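Subject: Structure for you to look at

Hi,

Here's the structure I promised to pass on. Have a look at it first, then read on for what turned up.

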Amino acid sequence: MSKTPFDPALFRKEAVSEETRTINDTIIGMMDGMPDVWDIGPAEARAMRARGDGPFPLPPLSERAQTRKIKGKDGEIELRIIAPDNPTGIYLHLHGGGWVLGSAAQQDLLLERIADNTGLAAVSVEYRLAPEHPYPAGPDDCESAALWLAENAKAEFGTGFLTIGGESAGGHLSAVTLLRMRDKHGFTGFKGANLVFGCFDMRMAPAARSFGPRKLILRTKDIEEFRRCFVPEDANLEDPDISPLFANLEGMPPALFSIGTEDALIDDSLFMHARWLAAGNDAELAVYPGGAHGFVAFPGSLAEEALARMDTFLNAVQKK
């Protein structure tokens with residue numbers, strides 16, 4: 001009998017559904033026909049996405065969304081908020097995009113779902129992006145947003161219950177923010193962390209190094225280029241503020257790590273989940289057969305299963 005915290009059968013080829021195989025083939029086909037982001041540059045890639053010219057449809061904006069500007073370390077930071085009536089808590093959301101792409105305004109469907117299914121007010125941070133604003137700009141903005149919520153959530157939302165989460169680079173930023181809040185401010189008030197296909201080792205774990213050129217959202221080259229944009233050349237990649245896998249993880253909140261088996265960052269979640277547990281924290285690992293990087297954004301049974309489990313996790317931490 002396996003003593004691992006997950007079922008090895010989830011990693012076998014036969015565990016991947018035909019629907020998931022079709023979705024992955026479709027993603028590769030769509031991305032093969034588009035300009036490479038590293039040929040056109042991040043600024044143009046962002047502009048294409050904003051125009052809806054990318055390989056995937058631009059998600060609609062929510063009529064429920066509100067924006068709020070707060071003071072950050074180096075200027076104002078915009079927060080995008082979708083809140084239910086009488087929220088039961090706050091979900092500090094940090095979007096993905098390799099610290100280079102993406103925006104809070106492109107997350108409205110996810111934020112609406114969180115607000116509707118968990119009762120949490122979803123607060124997404126429009127943090128500064130690299131390469132124009134490399135490390136530590138983005139993490140600084142996320143830290144400022146967390147500090148603002150720690151000090152103002154009760155007055156602003158009627159509740160001081162805090163959770164945090166994000167996808168890909170947002171998973172990384174969530175872990176970094178939790179560590180900064182603990183180590184710099186003595187604050188351990190976040191009650192749950194929803195860490196979705198995050199990057200936790202900037203050195204690149206084996207799976208990231210070996211994934212290769214297949215255009216299933218995130219290639220080895222993409223990870224290398226995102227890192228080059230985000231991390232200064234002289235940075236210590238084992239600094240816990242850059243690679244939170246190397247941090248002392250004592251006193252972290254319960255966490256849910258979600259990852260697909262066809263994700264170049266799978267090792268990051270496997271390793272971070274193990275270290276989270278070894279530090280004495282509660283942690284769950286949800287492995288999805290055939291899931292590509294970003295798979296929760298592609299409608300299908302795998303995405304719905306993962307999103308439903310995230311809802312369950314965020315609801316469960318509110319009952320503890």
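Let's start with Ser103, which sits in the loop between β3 (89-94) and α4 (108-118). This is a predicted model, by the way. Is Ser103 buried or exposed? Its relative accessible area is 13%, and since buried means under 20%, Ser103 counts as buried. Leaving out residues up to four places away in sequence, Ser103 touches His95 and Glu126.

Next up, the strand β3 itself. Six of its six residues are buried. In a regular strand, side chains alternate between the two faces of the sheet. With that in mind, check both sides of β3: Gly89, Tyr91 and His93 are buried on one side, and Ile90, Leu92 and Leu94 are buried on the other. As for its partner, β3 pairs with strand β4 (residues 120-126) in the parallel sense, over five bridges. If you want one to find on screen, Tyr91 has Ala122 in β4 as its bridge partner.

Now for a pair of helices. How do α5 and α6 lie relative to each other? Helix α5 (residues 137-157) and helix α6 (residues 169-185) pack at an angle of about 60 degrees, with their axes 9 Å apart. That angle is why the two are oblique to each other, and their crossing is right-handed. The residues that meet there include Cys142, Ala146 and Leu147 from α5 and Leu173, Val176 and Met181 from α6. By class, this contact has eight nonpolar, three polar and four charged residues.

Cheers!

Notes
Residues numbered from 1 in each chain as written. Predicted model: local features only at pLDDT ≥ 70, side-chain atom pairs only at ≥ 80, totals over all residues. Heavy atoms only, no water. Helix = DSSP H or I, 4+ residues; strand = E, 2+ residues; numbered from the N terminus. Buried < 20%, exposed > 50% of the residue type's maximum accessible area, 1.4 Å probe, protein only. Contact = heavy atoms within 4.5 Å. Axes fitted to C-alpha atoms, helices over the stretch in contact; angles between N-to-C directions. Parallel < 35°, antiparallel > 145°, perpendicular 65-115°, else oblique. Left-handed = near helix turned anticlockwise from the far one by under 90°. Nonpolar A, V, L, I, M, F, W, Y, C, P; charged D, E, K, R; others polar. Pairing = 2+ DSSP bridges.
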